[in-house]
Amino acid sequence: MNEKKILMTVRNLCLTYDASLGGSETEALEDVNLDIYEGDFICVLGPSGCGKTSLLNIMAGLVSATSGSVLMNGKRIRGVDRERAVVFQTPTLYPWISVKKNIAFGPDIRQVPESESAEKVDHYLKLVGLEDFADSKPYELSGGMRQRTALARALVNDPSIILLDEPFGALDAFTRSSMQDLIRNIWKETSPTIFLITHDVDEALMLGNRIVTMSQRPGRIIKEFETSFTDRVFDGDEDVRYSQEYINMRKELLTLVGYGKA
Amino acid sequence: MKKVRAVIAQTKPWVISVISMCIILLAWIVISVLGIASMRTVPPIQSVIYSLYSISTEGYKGSTLLGHIGASFFRLFTAFFLAILTAVPLGLLSGQIRKVRSALEPVIEFIRPLPPLAYYTVLVLWMGIGNGSKIMLLYIACFTPIYVACVSAVSKIPASYIDTARTLGAGRRQIFKRVILPYTAPDIFTGIRTSMGHGYSTLVAAEMVAAASGMGWMVLDASNWLRSDVVFAGIIVMGITGILIDKILRELEKRLVPWKGKL
Ligand SMILES: Nc1ncnc2c1ncn2[C@@H]1O[C@H](COP(=O)(O)OP(=O)(O)O)[C@@H](O)[C@H]1O
Ligand SMILES: [Mg+2]
């Protein structure tokens, strides 16, 4: 286990949004430090407005930090790179192209010949269970199907890490749980590195092998946990959420993140 | 009373449109047959139909109806296509680059509320009374709606649409081609339709000032000679062509940007 290779390092990251449009200065992140190993499934848990999206945007290269750095394979990241795929909170599928074309967007812009990419696109289409909707338009899909399309679109591009920003937050409970199963299966079977933001304690517990908790704004990392509930769910133990161990950790997380107070 | 209401509720909207057209037509026929109105104010329907026929075959002052329509269309569509070719790139550029916008906007905002005929006189001074000044006038009339639509469409693009493309590896050019252009296309199309309507009404006005051909000129000239039948015939033709052009544009819109309203 200790042999794992570091993929990304977040070091002394601070972010302050400038006062703009009459607003005041906002300190969003304060000295965030995090090591991400290859094959990790990290769930970041924190209250709304604590800076989770800001952290993800910096890691993606979409936003520049005020100070501190993000390293990837030892090199400081500068701007966006397709090595770091992003799935946004609301799926940003392009309504002018079909589901399949959306998934093929990455290979298409790199001008990968269709003969090369077609097989892979079909593979991911099937993986997320949308083979019957290949030629549908995104606006003909349900919310869950849209988010699955966005996930496939990210995966098909062979990223080194997938950054997901509350990807299931807008879905109903039933769809959300089937999406969680889907992403867990993908993780167990192909072991990509996943960084997933959530404000749902159970989601974090049921998915990640590591859980990182963040404080109220300005966001800091309060505590990290290692868990294996997700492995047990994968092995068919759906009742793990009723185990004492789970309940205890859940209680601790809730207190840390401050939901207990509300 | 209840029955009437039920019948109205069941009637399709287009049936109601047809009925209202029929009523107007019927009123016109009644007036024509009874001869209540003078020939000049409301020409009888048969004489309008006859003059439609005669201007189609023999023509009106030198060219046939088709010739007049052709002259008008040449001016209108030359200006229209020039406007699309320039306003779309300039509008999209202005939407993205603040400095381009700052340079163009004052001029456009100044011209936009002016009645076209006000600056037409200036254009005539500069370019003469030929087709040049007319095409220029129509060009200006067509340009602004497209430009304004492009600028506002670009500013509406959610950042996440562009961010997604970037994280998938798209560069500036590809973002433009694969995200900005398709995203703005429905709004651009709306702008194009507005622009056509604007150009069409300006066309008729322009031909009424200095011309010797075109639908607008034909109507004005006929009214100077008290030929109400030709005036009516001309107006009917202008109305129908206007509707046809809009129908064609709507059909094109449906085919080219089916994602309109789905963004
Ligand atoms: N572009 C921005 N400009 C100014 N303030 C921002 C911006 N984005 C986020 N914020 C502020 O930064 C804080 C953290 O936001 P965010 O990272 O979106 O939190 P979270 O994703 O945890 O809900 C919030 O107070 C938010 O209002
Ligand atoms: Mg957020």
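Q: What makes up domain 1 and domain 2 of chain A in this predicted model?
A: Domain 1 of chain A takes in 6-83 + 159-257, and domain 2 of chain A is 93-158. Their C-alpha centres are 25 Å apart.

Q: How do you know that domain 1 and domain 2 of chain A are in contact?
A: Contact means heavy atoms within 4.5 Å. Here 13 residues of domain 1 of chain A and twelve residues of domain 2 of chain A take part, so the two domains are in contact.

Q: What area is buried between these two domains of chain A, and which residues of domain 1 lose the most?
A: About 1,100 Å² is buried between them, with 75% of it from carbon and sulfur atoms. On the domain 1 side, A:R82, A:P159 and A:I186 lose the most area to domain 2 of chain A, and together they make up 44% of what that side buries.

Q: And how is chain B divided?
A: Chain B has domain 1 at 2-36 and domain 2 at 52-256. The C-alpha centres of these two domains of chain B lie 34 Å apart.

Q: What makes the meeting of chain B and chain A a contact?
A: Heavy atoms within 4.5 Å are what is asked for. Chain B brings 19 residues and chain A brings 21 residues, so the word applies. Between them the chains bury about 1,900 Å², and 68% of this is on carbon and sulfur atoms. In chain B, the residues that lose the most area to chain A are B:T167, B:L168 and B:R178, together 37% of what that side buries.

Q: Which contacts of ligand 1 are called polar, and why?
A: The cut-off is a pair of N or O atoms within 3.5 Å. A nitrogen atom of ligand 1 sits 3.4 Å from a side-chain N or O atom of A:Y17, so this pair qualifies. An oxygen atom of ligand 1 is 2.8 Å from a backbone N or O atom of A:K52, and a polar side-chain atom of A:T53 is 2.6 Å from an oxygen atom of ligand 1. Ligand 1 exposes 560 Å² when taken alone, and the protein buries 62% of that.

Q: What kinds of residue form the shell around ligand 1, and which element gives the most?
A: The shell divides into four nonpolar, six polar and two charged residues. Among its members are A:T26, A:P47, A:G49 and A:R217. Both β2 (26-37) and α1 (52-60) of chain A supply at least two residues, and α1(A) gives the most, with three.

Technical notes:
Residues numbered from 1 in each chain as written. Chains lettered and ligands numbered in written order. Predicted model: local features only at pLDDT ≥ 70, side-chain atom pairs only at ≥ 80, totals over all residues. Heavy atoms only, no water. Domains from an automatic or database assignment. Near = heavy atom within 4 Å. Polar contact = N/O pair within 3.5 Å; in protein donor to acceptor, adjacent residues only side chain to side chain. Areas by Shrake-Rupley, 256 points an atom, 1.4 Å probe, with all protein chains shown as cover. Helix = DSSP H or I, 4+ residues; strand = E, 2+ residues; numbered from the N terminus. Nonpolar A, V, L, I, M, F, W, Y, C, P; charged D, E, K, R; others polar. Buried area = accessible area lost by both parts, 1.4 Å probe.
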